[in-house]
Amino acid sequence: MTLLMDEIALATARLAEAGVPSPRTDAEEIAAFVHGVRRGQLHTVKDGEFDALFWEGVARREAREPLQHITGRAYFRYLSLDVGPGVFVPRPETEVVAGWAIDRLREMDVASPLVVDLGTGSGAIALSIAQEVALAQVHAVEVDPVAYGWAKRNIVEHGQGRVSLHPEDLADCLPELNGRVDLVVSNPPYIPPGAVPRDPEVRDYDPSRALYGSGKDGLDEVRAVERTARRLLRPGGLVAVEHSDQQGSDVYLVFSEERGWRDTRDHEDLTGRDRFVTARFGQE
Ligand code: GLN
């Protein structure tokens, strides 16, 4: 056993003690980050290098700072995104929402589909669509100035010139696209104001603006997404909105027939929890 492996074992024990859910992986990820290698290459690292940096990272993780803030990277579908303080760390459950949008866009008989991502945060959904749907034109909307800065960086790196970023509120954004958009997607804030997330990584580090929805039920932003989608979509256009596992039936009712929606459906994420609602607007 090499010295680095001993240090990783020690760090794993410390992280486990601090309640970190995947202590071994996180210790290895911090070591890999500090040494500038992949996790699978850690055996090639010379012992004793960058010790102080490694233990500094471990201490931050022990204090339950998200791993993604320590390494500065978050993985989302086929992307490696820049993240840090002030931007929501993209989640695996949202990969399923993006995946649904990507599958529908690929089936669409539209040469260059027009897509809007409301509240893009790091840019995760918008950039995945641009990467995985040939010729998609994506408009990402982000009103928070700090999140906007992170999205900008990621769009410059991964946007292929097909993602534009707009510092606008999701309620009244992009009037120039009214009635023309093929698909609207959003992971808005939706945690009801009284509910406090259990994980310190979320509670203490994700921007509260990205977490907590307005209104008693936390669904004011979802209702704003519905109104904006109704304004932006062409007849037959699609919407997908993320929500918590407690909100499926409420969000389902927001996308009602009276408002012009049809084929409204609730979907689960990979862990079998209710996660997002989709619907089609009007008649083709
Ligand atoms: N999914 C978030 C969480 O895991 C909640 C807010 C959001 O995604 N919009 O805490």
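Q: Which residue is the bridge partner of Ala-74 in strand 2?
A: In this predicted model, Ala-74 has Leu-81 of strand 2 as its bridge partner.

Q: In what sense do strand 1 and strand 2 pair, and over how many bridges?
A: Strand 1, residues 73-76, and strand 2, residues 79-82, pair in the antiparallel sense over four bridges.

Q: How many residues lie between the strands of that hairpin, and which one takes a positive phi?
A: The hairpin of strand 1 and strand 2 has two residues between the strands. Arg-77 takes a positive phi there, near 50°.

Q: Turning to the sheet of seven strands, what is its order?
A: The order is 5-4-3-6-7-9-8, in an open sheet with mixed pairing.

Q: Why is one side of strand 5 and of strand 8 left without a neighbour?
A: Strand 5 (163-166) and strand 8 (261-268) stand at the edges of the sheet, and each has a single partner strand, so one side of each lacks a neighbour in the sheet.

Q: By how much are neighbouring strands turned against each other?
A: The average is 15° for neighbouring strands of this sheet, with direction ignored.

Q: Parallel or antiparallel for strand 6 and strand 7?
A: Strand 6, residues 181-186, and strand 7, residues 233-242, pair in the parallel sense, over five bridges. Within this pair, Leu-183 stands opposite Leu-238 of strand 7.

Q: Which strands does helix 6 lie across?
A: Helix 6, residues 124-132, lies across strand 3 (114-118), strand 4 (137-141), strand 5 and strand 6. Relative to strand 4, helix 6 runs at about 175°.

Q: And helix 7, which strands does that touch?
A: Helix 7, residues 145-158, packs on the sheet and touches strand 4 and strand 5. The direction of helix 7 makes about 165° with that of strand 5.

Q: Back to helix 6: at what angle does helix 5 pack with it?
A: Helix 5, residues 92-107, and helix 6 pack at about 35°, and their axes are 10 Å apart. Their crossing is right-handed.

Q: Which residues make that contact?
A: Helix 5 contributes Thr-94, Val-97, Ala-98, Ala-101, Ile-102 and Leu-105. From helix 6 come Ala-124, Ile-125, Ser-128, Ile-129 and Glu-132. By class, the contact of helix 5 with helix 6 has eight nonpolar residues, two polar and one charged.

Q: New topic: what is the angle between helix 1 and helix 3?
A: Helix 1, residues 3-17, and helix 3, residues 51-62, pack at about 15°, with axes 10 Å apart. The two helices are therefore roughly parallel to each other. Helix 1 passes helix 3 in a right-handed crossing.

Q: Which residues meet there?
A: Glu-7, Ala-11, Arg-14 and Leu-15 of helix 1 meet Phe-54, Val-58, Arg-61 and Glu-62 of helix 3. This contact of helix 1 with helix 3 divides into four nonpolar and four charged residues, with no polar ones.

Q: How do helix 1 and helix 2 cross?
A: The axes of helix 1 and helix 2 (residues 23-35) come within 8 Å and cross at roughly 130°. That makes helix 1 oblique to helix 2. The crossing is right-handed.

Q: Which residues make the contact?
A: Helix 1 supplies Leu-4, Ile-8, Ala-11, Thr-12, Leu-15 and Ala-16, and helix 2 supplies Pro-23, Arg-24, Asp-26, Ala-27, Glu-28 and Ala-31. The contact of helix 1 with helix 2 has eight nonpolar, one polar and three charged residues.

Q: Finally, which residues are around the ligand?
A: They are Arg-91, Asn-187, Pro-188, Pro-189, Tyr-190, Ile-191, Pro-197, Val-202, Leu-211 and Glu-242.

Q: How does that shell divide by class?
A: The shell around the ligand has seven nonpolar residues, one polar and two charged.

Key. Residues numbered from 1 in each chain as written. Predicted model: local features only at pLDDT ≥ 70, side-chain atom pairs only at ≥ 80, totals over all residues. Near = placed C-beta within 6 Å. Nonpolar A, V, L, I, M, F, W, Y, C, P; charged D, E, K, R; others polar. Pairing = 2+ DSSP bridges. Axes fitted to C-alpha atoms, helices over the stretch in contact; angles between N-to-C directions. Contact = placed C-beta atoms within 7 Å. Parallel < 35°, antiparallel > 145°, perpendicular 65-115°, else oblique. Left-handed = near helix turned anticlockwise from the far one by under 90°.
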